[in-house]
Amino acid sequence: MANRPLLVIGGIALDITATIGKSLSSILHTSTPGQVKQSLGGVGRNVAEAAWRTGGKHVKLVSAVGNDLAGEAVKQGMRSMGMNTEYIETINNQPTAVYNALHSYDGQLVAAVADMNIFDKISKSRIIQIIKTENPNFVCFDGNITPDIMETIATTCQSLSIPAFFEPTSVPKSLKLFEYASTIQTQSVQYTSPNQFELAAMCDKLQSDPILSLKAKMNASQIQLKNAPDLAQLVLPHAIYLSNYIPNIVTKLGDQGCLFVGKGKAGNSVVKYFSPELIQPNEIKSVTGAGDCFVGTLIANLQNSEKIFIDYMITKAQLSAIRTLKSDYAVSPKIDHDLLA
């Protein structure tokens with residue numbers, strides 16, 4: 001058990017981040033002075049690095065790159081850190097994924113373009129073979145992969161009694177999880193980490209699904225969160241509803257903290273709000289990767305602990321996100337084993 005790996009299946013990309021100058025009032029329809037930086041990225045890769053830095057055991061990323069300079073640079077960057085790259089496939093005639101973000105001078109996201117088409121080429125047979133060969137004790141997958149691959153992961157994990165964690169990635173990508181009812185019906189997807197917008201979209205999708213929809217209404221009127229912002233109370237009914245399908249919902253609320261909703265063995269809801277870790281606005285260098293690092297540290301702790309002390313784990317995950325907010329990288333080099341339970 002101790003030697004079983006943690007598998008992360010998802011995106012790997014070259015991140016190109018452009019930050020506009022502070023004194024500029026308009027950035028449209030013209031070139032704009034600023035700073036441009038390149039770094040390793042991709043949701044799956046970021047999650048895997050954060051899990052590895054936190055102390056996850058035998059963390060392995062399953063992904064794909066193109067046969068190009070960007071692909072080689074991404075793999076070499078991971079190897080130079082000491083990360084495993086054996087399951088990063090090189091696919092000919094496909095460009096390596098690129099995430100191109102435009103940030104305001106204070107590090108907030110203005111706009112972004114994500115070219116992730118290469119992940120549509122990952123084969124189901126390869127995923128099945130890797131999961132069966134490695135027999136991991138935990139699998140995490142992101143929204144960059146196809147619905148077919150998600151269904152394959154869920155079915156294979158079910159056959160091997162492996163819990164899976166779904167990182168939604170974006171509103172459109174979060175809905176891929178429900179394209180095949182069997183993905184949810186396997187009950188192997190035990191955790192998910194949407195933001196408030198992904199959570200609402202996922203619930204809307206489920207409620208309109210002719211196979212998966214439940215008659216139960218979203219109602220949390222009898223549960224009042226203590227010392228929580230209005231946003232946490234607002235998303236609570238959605239989180240409770242989604243927990244009927246995925247028993248552990250960790251909703252990321254940005255600078256307002258996060259909300260955990262779990263489905264207890266008796267069918268009751270376990271609810272806890274976590275206030276945000278403190279950070280000053282002038283300490284934020286970039287928001288890119290913060291949510292991924294939250295997930296990476298969380299799954300490293302879930303893999304490491306035989307007992308679920310979710311309070312402690314989420315607090316550690318929040319600290320991981322804070323360290324990345326203070327960093328120029330998508331994953332802060334300061335994420336370390338002190339964040340492991």
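A search of the whole structure finds zero disulfides, a disulfide being a pair of cysteine sulfur atoms within 2.5 Å. This is a predicted model, in which local features need pLDDT of at least 70, side-chain atom pairs count only at pLDDT 80 or more, and totals for chains, interfaces and linings use all residues. Residues are numbered from 1 along each chain as its sequence is written, and side-chain values use heavy atoms, with hydrogens and water left out.

Student: What makes C157 count as buried or exposed?

Tutor: Buried means under 20% relative accessible area, exposed over 50%, and partly exposed in between, with a 1.4 Å probe and protein chains only. C157 has 0% relative accessibility and therefore counts as buried, and C293, with a relative accessible area of 0%, is buried as well.

Student: How many aromatic pairs does a search of the whole structure find?

Tutor: The search finds four aromatic pairs. Rings of Phe, Tyr and Trp (its six-membered ring) pair if their centres lie within 6.5 Å, and planes under 30 degrees apart count as stacked, over 60 as edge-to-face and the rest as tilted. In one of them, F165 and Y191, the ring centres are 5.9 Å apart and the planes stand at 10 degrees, so the pair is stacked.

Student: Which parts does the pair of F165 and Y191 tie together?

Tutor: F165 lies in strand 9 (residues 164–167) and Y191 in strand 10 (residues 189–192), so the pair ties together parts that are 26 residues apart in sequence; helices (H or I, at least four residues) and strands (E, at least two) are DSSP runs, numbered from the N terminus. F165 is buried at a relative accessible area of 0%, and Y191, at 10% relative accessibility, counts as buried. Together with F138, these two residues form one aromatic cluster.

Student: Why is the pair of Y241 and Y245 called tilted?

Tutor: Their ring centres are 5.8 Å apart and their planes stand at 55 degrees, so the pair is tilted. Both Y241 and Y245 are buried.

Student: How do you know that the span of helix 10 is close to the expected one?

Tutor: The expected span is 1.5 Å times one less than the number of residues in the helix. Helix 10 (residues 310–325) has 16 residues and reaches 23 Å from its first C-alpha to its last, close to the 22 Å expected. Its buried residues, including I310, M313, I314 and A317, pack against strand 11 (248–252), strand 12 (258–263), strand 13 (269–274) and helix 9 (290–304).

Student: Which residues touch the most other members of the largest nonpolar core?

Tutor: A nonpolar core is a set of buried Ala, Val, Leu, Ile, Met, Phe, Trp, Tyr and Cys residues joined through side-chain atoms within 4.5 Å. Of the 95 residues in the largest one, F141, I153, L298 and I299 touch the most other members, while helix 8 (residues 230–242) gives the most to this core, with eight residues. Leaving aside neighbours within four places in sequence, L298 is in contact (heavy atoms within 4.5 Å) with F165, V250, I310, M313, I314 and A317. Apart from this core lies another, of five residues, among them A50, C293, V331 and L339.
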